[in-house]
Amino acid sequence: MAGRPGYLTLPIFSALAAIGYVYYTAVFLAVPRWLGLATAAGVANAAAFTALAAACLATYAVAVRRDPGRVPPGFVPDVEDAESTVHEIKRKGGDLRYCQKCCHYKPPRAHHCRVCKRCVLKMDHHCIWINNCVGHENYKIFLVFVLYAVVASFYALILIIGSVLHSVPKDEQSGSDSSRSSIIICGVILSPLALALAVLLGWHIYLILQNKTTIEGLERCGWQKRVEISIIIHMTLVSMRILFQFWGLTYSAGFALYRIL
Ligand SMILES: [Zn+2]
Ligand SMILES: [Zn+2]
């Protein structure tokens, strides 16, 4: 895929590490502590969360790998047919939309991505967490992934809170009591993440109901609202990135220490 730096980027590694970390805490720490892995309720919850985590991973992988949608080679708008919906004119100047970098005409709702270095059909936005554009071909799978991620995050939070509030007697626990602090740390990290994912899902449901992409949603509102939304998105992304980098470094340091010992 031209322009994309590859799949081994820090955000992708962080997202995979986060899924693995939450899965481990929920299934191997929280469930045994709250319900016990030998009980029917414990096994059922562990199996349900495993299925949800697998669905998250599968949809994430497809969103990363799937091409977001190329402009068909040789696409030329039908300038004769003024009624055609394929014929979109720039808002200012009245010229046909032409990409100087790709040297071709742009169909309606297509945009040039500076990261992918190409035009993307019905471009929504470039997502650093999948190192890919979200566009016509992968929007649905991206949304399904966000939906699974929101359900999994809140499910994990329920398991975490339940395990902190209730626990099976100490002699029946598979782990030591230190697991309690690990579970609490995971809950503290997961709460803002779950909230951010829920806001993202809500934003996309709003856009679908308005038949807009993220670019169009930000384009057509007033500059003050646009600045506010941009600041919120930027702050959320920066805080999530710092959080993931911190946990990525902690994981690397822990792994290095494990290798030395
Ligand atoms: Zn282009
Ligand atoms: Zn892109």
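Two residues are in contact if their C-beta atoms, placed from the backbone, lie within 7 Å. With that rule, alanine 26 touches Val31, Phe49, Ala156, Leu159 and Ile160, leaving aside residues up to four places away in sequence.

Good morning. The structure shown above is a predicted model, in which local features need pLDDT of at least 70 and side-chain atom pairs count only at pLDDT 80 or more, while totals for chains, interfaces and linings use all residues. Residues are numbered from 1 along each chain as its sequence is written, and chains are lettered from A and ligands numbered from 1 in the order in which they are written.

I begin with the overall layout. The protein chain has six helices and six strands; these are DSSP runs, H or I of at least four residues for helices and E of at least two for strands, numbered from the N terminus. Their order from the N terminus is α-α-β-β-β-β-β-β-α-α-α-α. Of the 261 residues, 26% are buried, that is, they have 20 or more other C-beta atoms within 10 Å of their own, whereas exposed residues have 12 or fewer and partly exposed ones lie in between.

I turn next to the core. A nonpolar core is a set of buried Ala, Val, Leu, Ile, Met, Phe, Trp, Tyr and Cys residues joined through C-beta atoms within 7 Å. The largest one here holds 44 residues, and Ala26, Ala30, Phe142 and Phe145 touch the most other members. Helix α3 gives the most to this core, with twelve residues.

How do helices α2 and α3 meet? The axes of α2 (residues 40-65) and α3 (residues 139-165) come within 9 Å and cross at roughly 150°. Axes are lines fitted to C-alpha atoms, for helices over the stretch in contact, and angles run from 0 to 180 degrees between N-to-C directions. The two helices are therefore roughly antiparallel, the term for angles over 145 degrees. Among the residues in this contact are Phe49 and Leu52 of α2, and Phe142 and Phe145 of α3. By class, the contact has 18 nonpolar, two polar and no charged residues. Here Ala, Val, Leu, Ile, Met, Phe, Trp, Tyr, Cys and Pro count as nonpolar, Asp, Glu, Lys and Arg as charged, and the others, Gly among them, as polar.

Finally, consider arginine 180, in helix α4 (residues 179-210). Is arginine 180 buried or partly exposed? Arginine 180 is partly exposed, because 16 other C-beta atoms lie within 10 Å. Its C-alpha atom is separated by 8.1 Å from that of serine 163, 17 residues apart along the chain.

Methods. Parallel < 35°, antiparallel > 145°, perpendicular 65-115°, else oblique.
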